[in-house]
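Please examine the sequence and the three-dimensional structure shown below. The paragraphs that follow lead from the surroundings of the ligand to one further residue of the protein.

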Amino acid sequence: MTVIQSPRPRTYLMCAPEYYRVEYAINPWMDLTTPVDPELAAKQWEVLRETLTGLGHTVEVLDAVAGLPDLVFAANGAFSVDGVVYGARFRFAQRIPEAEVHRAFYRANPRRYRFVAPRETNEGEGDFAYLPRAYGGIALAGYGFRTEVAAHAEAQEVLGRPVVSLRLIDPRFYHLDVALAALDDERIVYYPGAFSDGSRRVLAQLFPSAVLADEADALAFGLNLVSDGHHVVLNAEATALASRLAAAGYEPVPVDLSELKKGGGSVKCCVAELRG
Ligand code: ARG
């Protein structure tokens with residue numbers, strides 16, 4: 001039997017969508033002909049922030065930077081485990097300067113974080129998930145579209161945790177965090193169709209009690225969720241997944257992020273967990 005954990009207070013990092021627009025297309029969701037409504041985006045982002053603080057979590061906010069429209073997707077800036085922060089190195093030129101904004105945030109607080117600059121291309125928590133109580137603490141890592149496998153090995157050295165490489169095969173699910181999420185300290189939810197056959201077998205072996213999502217859940221950005229071990233904050237369109245999570249003992253908390261979806265992201269993309 002799976003025991004559902006009680007919520008653990010978390011610290012998150014978000015960045016307001018002040019300069020968020022769809023100005024270039026680097027994933028299949030971004031369409032230059034469908035404009036973002038900046039006011040609505042700001043409102044939706046604010047509701048997400050208030051939802052997280054309302055659940056008892058701390059949200060730190062990174063200053064938005066003009067010219068970096070995707071900085072709102074704060075999850076991509078780094079991956080931290082027990083105070084060690086493995087920095088990001090973005091795949092596409094348009095996002096490369098974001099890494100420096102995140103680096104400055106962590107470097108400003110050296111007592112809390114030890115920041116390690118990466119050599120390899122990786123997009124932070126977009127492609128890394130951490131399960132503190134699975135196998136003594138392991139990271140799952142995606143590759144195939146953005147993050148290089150070499151970065152998984154580098155992260156393993158930096159963080160001193162096993163890093164399991166998983167190959168993403170569907171361009172619509174170009175980051176790990178749109179295909180898989182940690183529900184609590186040891187359990188995951190994922191859409192098997194986003195992964196290669198070998199990676200599916202690895203996931204089935206390591207996580208036999210995972211919640212499985214289907215293509216419709218993944219297309220509704222349902223897997224791009226933030227869970228505190230009990231409350232699962234997820235995109236409001238993912239109603240079927242919400243019911244499945246409720247049946248598994250979690251408490252779904254839907255939020256509408258239609259404007260952020262135009263950039264190819266939802267809840268999790270906007271939120272980095274600070275594991276200080
Ligand atoms: N437009 C951004 C990109 O393509 C979206 C990033 C979404 N972030 C995420 N963690 N999946 O890079």
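This is a predicted model: local features need pLDDT of at least 70, side-chain atom pairs count only at pLDDT 80 or more; totals for chains, interfaces and linings use all residues.

A polar contact is a pair of N or O atoms within 3.5 Å. A polar side-chain atom of Arg95 is placed 2.6 Å from an oxygen atom of the ligand. His175 also contributes a polar side-chain atom, 2.7 Å from a nitrogen atom of the ligand. In the case of Gly263, the atom concerned belongs to the backbone: an N or O atom that lies 2.8 Å from a nitrogen atom of the ligand. On its own, the ligand has 350 Å² of accessible area, and the protein covers 100% of this area.

The wider surroundings may be considered next. The ligand sits in the largest cavity. There are 16 residues around the ligand, and those that come nearest are Asn27, Arg95, His175, Asp177 and Cys269.

Attention now passes to Glu273. This residue is part of strand β15, which spans residues 272-273. Is Glu273 buried or exposed? A residue counts as buried when its relative accessible area is under 20%. Glu273 has a relative accessible area of 12%, and therefore it is buried. The side chain of Glu273 also has a partner: it makes a polar contact with the side chain of Arg10, at 3.3 Å.

Technical notes: Residues are numbered from 1 along each chain as its sequence is written. Side-chain values use heavy atoms; hydrogens and water are left out. A residue is near a molecule or strand if one of its heavy atoms lies within 4 Å of it. A polar contact is a pair of N or O atoms within 3.5 Å; within protein, one must be able to donate a hydrogen and the other to accept it, and residues adjacent in sequence count only if both atoms are side-chain atoms. Accessible areas come from the Shrake-Rupley method with a 1.4 Å probe; for residues, only the protein chains shown count as cover. On a 1 Å grid over the protein atoms alone, a cavity is a set of points where a 1.4 Å probe fits but cannot get out, and a pocket is an open set with protein on both sides within 12 Å along at least five of seven lines; lining residues have an atom within 4 Å of a point. A molecule sits in a cavity or pocket if more than half of its atoms lie within 2 Å of its grid points. Helices (H or I, at least four residues) and strands (E, at least two) are DSSP runs, numbered from the N terminus. Buried means under 20% relative accessible area, exposed over 50%, partly exposed in between (1.4 Å probe, protein chains only).
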